[in-house]
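Open the model in your viewer and keep the selection panel at hand. The tour goes from helix to helix, then to the ligand and the loops.

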Amino acid sequence: MGELKALIFDVDGTLAETERYGHRVAFNRAFAEANLDWDWSESLYGNLLEVSGGKERIRYYLQQYQPQFQSSGNLLDFIVNLHQLKNQHFEQLVGQGVIPLRTGVKRLLESAKVMGIRCAIATTSSLTNVLALLEKTLGVDSPSWFEVIAAGDIVPHKKPAADIYQYVLEQMNLNPNQALVFEDSQAGLQAAQQVGLSTIVTVNEYTQGQDFSGANLVINHLGEPEQPFQVLFGNPGHQTYVSIEFLRKILN
Ligand code: XBP
Ligand code: MG
């Protein structure tokens, strides 16, 4: 196979549990501020997560759950403004420190840095959200740890389309067999698979029932030396947490 040169991370659900306590809450705050009586419960949000992208998700919600709704002006402008408002609320939540990184994420990123493994981000989420999360959880210089931060509307089609992973590989001048992807969702896995990238899935409550066929390993989190991961699919041997050495073996 290939020699491990880079790690590519999804953000929402993978670096941190941003959806339930971050984006969902921020959407509801934006709705209230815009005098809309919409409320996205945790279970409704689980259904809405089938659609990647906040703007796309609002549009889908209108079609499916509020078919009578008429915006005062142009619908696209309405959605863009509402989404901007939601992202402001998201940044506020992140700033309050209510969204920690998932188990093992900080350790793995720091060892990648030390060992000269290049890192990148491939996310459907908006760039401002990503930067806010990184700066709050890993420090103000942490965006520079990532050679490429590919986010939101930078590509025409969001996950499960392959565009974002194709874009990252091109920017880094890498072949698919030189990098490993970290994802939490089926849509993210599909996007990575379509360009031939090996993928480790760390599930969360929203995604644990999804189909992860073709993933190299499916675990509950990246683990720590003192906090072993649980394996849902794959055979990590005696390994109990994700380290760079372990990832090298996966790719080989
Ligand atoms: C994340 C998304 C995003 C976030 C919200 O998917 O689909 O839409 O839910 O962020 P992934 P925005 O983890 O696969 O990247 O509102 O900025 O889109
Ligand atoms: Mg995700």
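Start with two helices: α1 passes α4 in a right-handed crossing. This is a predicted model. Select residues 18-33 for α1. Select residues 75-95 for α4. The axes of α1 and α4 come within 8 Å and cross at roughly 130°. α1 and α4 are therefore oblique to each other.

Now show the side chains at this contact. On α1, pick Thr18, Tyr21, Gly22, His23, Val25, Ala26, Phe27, Arg29, Ala30, Phe31 and Glu33. On α4, pick Leu82, Leu85, Lys86, His89, Phe90 and Leu93. Colour the contact of α1 with α4 by class: 10 residues are nonpolar, 4 polar and 3 charged.

**Next stop: α3 on α4**

From α3, the contact takes Gly54, Lys55, Ile58, Arg59 and Leu62. From α4 come Leu75, Leu76, Phe78, Ile79, Val80, Leu82 and His83. By class, the contact of α3 with α4 holds 8 nonpolar, 2 polar and 2 charged residues. Click on Leu82: this residue of α4 is in the contact with α3, and Leu82 is also in the contact with α1.

**Then α6 beside α4**

By class, the residues of the contact of α4 with α6 divide into 4 nonpolar, 4 polar and 3 charged.

**Move to ligand 1**

Centre the view on ligand 1. How many residues surround ligand 1? There are 18, and the closest are Glu19, Gly54, His83, Lys86 and Ser126. Gly54 and His83 take part in the contact of α3 with α4.

A polar side-chain atom of His83 lies 2.7 Å from an oxygen atom of ligand 1. For Asp12, look at the backbone: an N or O atom there is 3.0 Å from a ligand 1 oxygen atom. For Lys159, return to the side chain, where an N or O atom is 3.4 Å from an oxygen atom of ligand 1.

**Last, the loops**

Step from Lys159 to Pro160. The peptide bond between them is cis, with omega near 15°. Pro160 sits in the loop between β3 (146-150) and α7 (163-172).

Jump to Asn35, in the loop between α1 and α2 (42-48). Asn35 is not a glycine, although its phi is positive, at about 60°.

Finish at Gln239, in the loop between β7 (231-233) and α9 (244-251). Leaving aside neighbours within four places in sequence, Gln239 is in contact with Phe229 and Phe246. Gln239 and Gly223 are 16 residues apart in sequence and 9.8 Å apart in space, C-alpha to C-alpha.

Definitions and conventions
Residues are numbered from 1 along each chain as its sequence is written. Chains are lettered from A and ligands numbered from 1 in the order in which they are written. This is a predicted model: local features need pLDDT of at least 70, side-chain atom pairs count only at pLDDT 80 or more; totals for chains, interfaces and linings use all residues. Side-chain values use heavy atoms; hydrogens and water are left out. Axes are lines fitted to C-alpha atoms, for helices over the stretch in contact, and angles run from 0 to 180 degrees between N-to-C directions. Helices (H or I, at least four residues) and strands (E, at least two) are DSSP runs, numbered from the N terminus. Contact means heavy atoms within 4.5 Å. Ala, Val, Leu, Ile, Met, Phe, Trp, Tyr, Cys and Pro count as nonpolar, Asp, Glu, Lys and Arg as charged, and the others, Gly among them, as polar. A residue is near a molecule or strand if one of its heavy atoms lies within 4 Å of it. A polar contact is a pair of N or O atoms within 3.5 Å; within protein, one must be able to donate a hydrogen and the other to accept it, and residues adjacent in sequence count only if both atoms are side-chain atoms. Angles under 35 degrees count as roughly parallel, over 145 as roughly antiparallel, 65 to 115 as roughly perpendicular and the rest as oblique. A crossing is left-handed if the near helix is turned anticlockwise from the far one by less than a right angle, and right-handed if clockwise.
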